[in-house]
Amino acid sequence: MTTESMKDGDALPRWYVIQCKGGESFRASEHLDNQGYEVFHPVLEVQRRRRGKLVWVAEPLFPHYLFIRLDRLASNWRPIRSTRGVLRLVGFGHEPVAVQDALVATLRDRVAADTSREGANVYYRRGDLVEITDGPFRALQAVFDAQKGEERAIVLLNLLQQTQRLELPVEALRKHVP
């Protein structure tokens, strides 16, 4: 970078995007943080099935990407490209492109608002078509109605031409795939 290409705003810290190697965004975030960089790696807590049970896992909002705040003049950019998990800084040609601060602020607010998983069921939503996988109603389709605690769910099942409300263990349900 030449002094002619520098602008007045170059001395201000800005957010940039880092592309990470496949599945290594958590590693890259940790290593950059350990090196003293300000990193924002937006993750969401979502429910996934693991060995037949629903568990909460952290997943990146943008797989393979994270944000880093750098000053074009004062920050040491060299160690970034050799950091474990980092593939490259996103840019055009050899120039990294800054992201608007407002975008990162909005993402931070949204991620912070989504961290409360109390009473929330991300895996099933009201109205989802589910299949019952266990018990006397196995292989029947129902409609997910509500979560009751962490391990129980209420579903609507059409039996004898009437809608019946059933309370079942959450792990006895699976999203119906047509």
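**Stop one: the pocket**

Start by selecting α2 (78-81), β6 (86-89), β7 (91-92) and β8 (95-96): each of them gives at least two residues to the lining of the largest pocket. Helices (H or I, at least four residues) and strands (E, at least two) are DSSP runs here, numbered from the N terminus. A pocket is found on a 1 Å grid over the protein atoms alone, as an open set of points where a 1.4 Å probe fits, with protein on both sides within 12 Å along at least five of seven lines; lining residues have an atom within 4 Å of a point.

How much space lies in the largest pocket? About 460 Å³, where the volume is the space filled by probe spheres set on the points, which are joined across faces, edges and corners. Colour the lining by class and you get nine nonpolar, four polar and five charged residues. Nonpolar covers Ala, Val, Leu, Ile, Met, Phe, Trp, Tyr, Cys and Pro, charged covers Asp, Glu, Lys and Arg, and polar covers the others, Gly among them.

**A quick word on the model**

What you are looking at is a predicted model, in which local features need pLDDT of at least 70 and side-chain atom pairs count only at pLDDT 80 or more, while totals for chains, interfaces and linings use all residues. Residues are numbered from 1 along each chain as its sequence is written, and side-chain values use heavy atoms, with hydrogens and water left out.

Zoom out for a moment: the protein has three helices and 14 strands. Of its 178 residues, 30% are buried, where buried means under 20% relative accessible area, exposed over 50%, and partly exposed in between (1.4 Å probe, protein chains only).

**Stop two: helix α1**

Select residues 25-34, which make up helix α1; its buried residues are S25, A28, S29 and L32. Look down the axis of α1: these buried residues fall within an arc of 100°, so they line one face of the helix. That arc is taken from the directions from the helix axis to the C-beta atoms. Why would such a spacing work? An α-helix has 3.6 residues a turn, so residues three or four places apart point the same way.

Next, show what covers that buried face: β1 (14-20), β2 (38-40), β4 (53-60), β5 (65-70), α2 and β6 are included. Just after α1, click on G36, which has a positive phi of about 95°.

Move to Q19 in strand β1. Is Q19 buried or exposed? Q19 counts as buried, at 16% relative accessibility. Beyond its neighbours within four places in sequence, Q19 is in contact (heavy atoms within 4.5 Å) with H64, Y65, V86, L87, R88 and V90.

Then pick S75, in the loop between β5 and α2. S75 is partly exposed, at 24% relative accessibility.

**Last stop: two loops**

Most residues other than glycine have a negative phi. Select A139, in the loop between β10 (129-132) and β11 (141-148): its phi is positive, near 75°. A139 is exposed, with a relative accessible area of 54%. Finish at Q161, in the loop between β12 (152-159) and β13 (162-169). Q161 has a positive phi too, of about 60°, and is exposed at 78% relative accessibility.
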